[in-house]
Amino acid sequence: MPKLSAGVLLYRTRDGVVEVLIAHPGGPFWARKDNGAWSIPKGEYAEGEDPWAAAQREFSEELGLSVPAGHRLDLGQLKQSGGKVVTAFAVRGDLDVSDARSNTFELEWPKGSGTVREFPEVDRVGWFPVAQARVKLLKGQLGFLDRLMAHPDPARFGEGA
């Protein structure tokens, strides 16, 4: 059974340009990686759990902020190269991420040293125009940007809803 993950791709429009909120993973493996390393805020959930509930929980854990209220667009699932199946939802909304604070995880680092250190799950979060997000985002999640932009008008999605 593949691992299941769910996340929220928050988006907004600034000066006619659609921007998305993505996160850079924390920890030593990702420290020197940028392009192709960012992700939608997401996390694992158990078989039978509601993916939307999991996506909201994981967004809050990784950013320390709640998903803004707004109409939800189901972006479906994508299977990443490692076999993980990611379900994503797009929500139109604006969010000030200057106070974003991630939960943490422990890892023996350096490996084999016997020293356990604590690292944030997410060390940076930012708004990027979709064109720039295509460079930053993990290859296995690029399809979510395509699906968002294939919507008839992502800049107006959810208005009046």
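Student: What does Glu 58 touch, not counting residues up to four places away in sequence?
Tutor: This is a predicted model. In it, Glu 58 touches Ala 6, Lys 42, Gly 43 and Glu 44.
Student: Which helix is Glu 58 in?
Tutor: Helix 1, which covers residues 51-63.
Student: And is Glu 58 buried or exposed?
Tutor: Buried, because its relative accessible area is 7%, and buried means under 20%.
Student: Which side chain makes a polar contact with the side chain of Glu 58?
Tutor: That of Arg 57, at 3.2 Å.
Student: Switching to Asp 146. Where is it?
Tutor: Asp 146 sits in helix 3, residues 142-150. It is partly exposed, with a relative accessible area of 40%.
Student: What separates the C-alpha atoms of Asp 146 and Lys 111?
Tutor: A distance of 38 Å. Along the chain, the two are 35 residues apart.
Student: Now the whole protein. How many helices and strands?
Tutor: Three helices and eight strands. From the N terminus, the order is β-β-β-α-β-β-β-β-β-α-α.
Student: What share of the residues is buried?
Tutor: 45% of the 161 residues count as buried.
Student: Last one: what about charges?
Tutor: There are 20 positive and 22 negative charges, and their mean positions are 6 Å apart.

Technical notes: Residues are numbered from 1 along each chain as its sequence is written. This is a predicted model: local features need pLDDT of at least 70, side-chain atom pairs count only at pLDDT 80 or more; totals for chains, interfaces and linings use all residues. Side-chain values use heavy atoms; hydrogens and water are left out. Helices (H or I, at least four residues) and strands (E, at least two) are DSSP runs, numbered from the N terminus. Buried means under 20% relative accessible area, exposed over 50%, partly exposed in between (1.4 Å probe, protein chains only). A polar contact is a pair of N or O atoms within 3.5 Å; within protein, one must be able to donate a hydrogen and the other to accept it, and residues adjacent in sequence count only if both atoms are side-chain atoms. Contact means heavy atoms within 4.5 Å. Lys and Arg count as positive and Asp and Glu as negative; His and the chain ends are not counted. The place of a charge is taken as NZ of Lys, CZ of Arg, CG of Asp or CD of Glu.
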